[in-house]
Structures are given as structure tokens and as C-alpha cells.
Amino acid sequence: MHAHVSPRFRPTLSRGGRRKTLLAVTVLTGAVMTTGALFPSAASAAKPDTVQKSLNTLVVDDQIPSASASVADREGRTHHYTAGVGDLKTGAKVPKDGQVRAASNTKAFTAVVTLQLVAEKKLALDAPVDTYLPGLLRGEGIDGRHITVRQLLQHTSGLPEYLDKRAVLEDPQRYYEPRELLDSALAQKAHFSPGAKWEYNNTNYLVAGLIIQKVTGRPLGEEINRRIVDRIGLRHTYFPTPGDMTIREPHAKGYHRDTADSPWHDVTELDPSWGWAAGAVITTNSDLNRFYTALLGGKLLPPAQLAQMRTTVPAGAPGVRYGLGLTSTPLPCGGVYWGHGGTIPGYATLGGVTEDGRAVNIALTAMPGDSATEQHAQAAVETTLCR
């Protein structure tokens, strides 16, 4: 990942009182991870040594417990790679294409469901939030009558962040109701007027999830599973049910440490409710490749809504742009790749697809602790896609 993105890993200050604001960096993206959508070139699958070398670097030099990758060429042929150990206590191997917490990749899923509802004429992108959730968004400088659905998905609403990394790490198995999380955001003042600028923010997708539930009359997880997971056959992807803190299928354990000198703590089991519409999905590298390939290939949205999703604004880092739950990142060899990426305690994912059908996703079993690790992970994506 690029050094200039590293500020996104900084926690926001938590507010005093019983509700600590929950933080953006952890659940979701990290600009780096947020931007990470990867498409490897056809040649990438033919040169496993380069991918393996990149993963080895992340384990040996950056001391990530394990790294894994799935690389697909234009014909859909997939190769899987692993490095490190899946369990620091037992030394168990890393499962091939094991499950991980997808973190902010969840935003792309939430955006797709929202845009499907737009296509079904049950939602309008430029309608205010109050059309669907009257009176819900009110606070200092915050008014749901002036924030549109599009601005939520695009991160241009000005809403403050609800997430506090420290609060989550102090009690990772606590369950949060979406409205409780929203209260943490509404206790703060707006960061800017709607549409004035771009700022990555988990609260936007929290509200989008509440809109989906209001419009469909169904739980968000059910809609994501029905409209995306089942539709394109993501056999190892699911939205956890309330209270489910486990990862159901084979997986490498996820770890966290406060500093480079601290011991690793196993944080595999946590309650993803604080991530919810912005970060709760569990998946695999190959399923993320399949998801982004299907999305960009027009299998999840009609052309009009896919075009809206791919209409981007500058996203802070040079050349990186954000659409509606989808990021485009320039490649050093030319062109861009589309995806999202994400970070959550225990896991980090980055990957995406190119216009010509290459795909790659990389998963780490710890959040990058410094800009050098971020850069190595981003370079692994870029070298894979550019081969």
C-alpha cells in the first residue's frame, strides 16, 4: 500500500461517556485496503514464483503471521498461494483459499444491493435519506433531508465516523445494534456540508444498510445473501447472523498486536456487528475475485446502475478514485483495477479486477502495522496484475 494512504489507519479520537465512537480505520478499509482491487494479468497465473515471493516478504520481512492469495487469469484459471502459519500456537498450515473477514469489501456488497433496489425503482440515488428514514439523521450540522443516497455510497455526505478501534479491541465480542452505532456518530457534528468533499466513512454504509432494511422489510444479511451470494454462487461467502462470532469454514487465525514489540493476540473470534453493513462479510480470496469479476462483467447490475457505480470522484491518494462502493486504482503498467479491500482486527484484504478480466485478492492475518507493510502488500497486488 502506498505510504500516503497510511493515515487512514489512524484511529479517530473516541468520545467520552458510555458510547465511544467506533473507528473507520479498522473496520473497513484503510485507504490502502479500500483501494485494493486487483486483477492479475493472464501471465500472473503462469509465474507463481513472483506471487509466492511477495507473500514470503510479507511474512518474513513484515512479520505478518500468514498471507494468502488467489490469482485468476482472463480464462478464469485460478491459482492459490500461501505463506506463513495458520495458527501461531500449533504451527498449523495455512488452508488453501481459506475464509477471512472481508471487512470493508462489505461496502461493495451493500452498494450493489442498494443499486439493485434503484434498478427495481424501490430507491432513488438522488433522493434524500429522509425519504426512507424520516427524521433519523439529525444532529449538529446533520440533516437527512439534505443528504442523498448517492452521497452515502460515495462518501460525500459529511457524516462523522462512528467507529473507534480502541473500543472494539477492548471488547471484541460485544454486540452492537446498528442504531446504537449511529447514535455514536450523531453525537458528533458534521464534518462538512453534503457534497462538499470526499471522506471515507463507515457511517455512510451503516445508514445505507438501514435504508435497505426499511425498503425491503428484510434483514440486510438476508438481502446480501439472496441477491449476491446465492445469485452468483459464492459458495464460501456469507453475512454472519447476529451473535455469530466464528468463521465457519477452514481459515487461518487472525491476530492483532498493539506495537511491533507486543505479542500477537488471537482475535479470530469477534462479533462483527460493529462492522455490519460496512464490514461484516466473511469470504475467501477466490470468492472475492468471483464477486468483483461478476460485478464488473454486468452479472449483478443493469448497465445503467453499473455505470453509476463506476462514476468516481478523487479519493485522497494520487490517482485513486471512489465510485459507489467501488474503487479504481491506477496500475504502474497502465490502466486501473477495480475493487475495494478492507482491514479489520485480525485480517486485511486487498484485490480486484482489471477491465480485461484479470483478478487477484490477497489476504493477511493481521492489519498492517506500518506504511512499509502497506506498501509491500500494495506492490504484491500491482506486480501480480502487471505481469
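Me: What volume does the largest cavity have?
Reply: In this predicted model, the largest cavity has a volume of about 70 Å³.

Me: And how many cavities of 30 Å³ or more are there?
Reply: The count comes to one.

Me: Which residues line the largest cavity?
Reply: The lining consists of S66, A67, S68, V94, P95, G98, Q99, V100, A252, A363 and T365. Strand 1 (66–72) and strand 3 (99–101) are the elements that give two or more residues to that lining.

Me: Which element gives the most?
Reply: Strand 1, with three residues.

Me: What about the lining by class?
Reply: Six residues are nonpolar and five are polar, with no charged residues.

Me: Switching to K107. Where is it?
Reply: K107 is in helix 4, which covers residues 105–119.

Me: Is K107 buried or exposed, and why?
Reply: K107 counts as buried because its relative accessibility is 0%, and the cut-off for buried is under 20%.

Me: What does the side chain of K107 reach?
Reply: The K107 side chain reaches the backbone oxygen of A278, at 3.4 Å.

Me: Now L300. Where does it lie?
Reply: L300 sits in the loop that runs between helix 11 (285–296) and helix 12 (303–309). L300 is buried, at a relative accessible area of 1%.

Me: What is L300 in contact with, neighbours within four places in sequence aside?
Reply: L300 is in contact with V112, Q116, R227, I228, R231, I232, F291, A294 and L295.

Me: How far is L300 from L115, C-alpha to C-alpha?
Reply: The C-alpha atoms are separated by 9.5 Å, and the two residues are 185 residues apart along the chain.

Technical notes:
Residues numbered from 1 in each chain as written. Predicted model: local features only at pLDDT ≥ 70, side-chain atom pairs only at ≥ 80, totals over all residues. Heavy atoms only, no water. Helix = DSSP H or I, 4+ residues; strand = E, 2+ residues; numbered from the N terminus. Buried < 20%, exposed > 50% of the residue type's maximum accessible area, 1.4 Å probe, protein only. Contact = heavy atoms within 4.5 Å. Polar contact = N/O pair within 3.5 Å; in protein donor to acceptor, adjacent residues only side chain to side chain. 1 Å grid on protein atoms, 1.4 Å probe; cavity = no way out; pocket = protein on both sides within 12 Å on 5 of 7 lines; lining within 4 Å. Points joined across faces, edges and corners; volume = space filled by probe spheres on them. Nonpolar A, V, L, I, M, F, W, Y, C, P; charged D, E, K, R; others polar.
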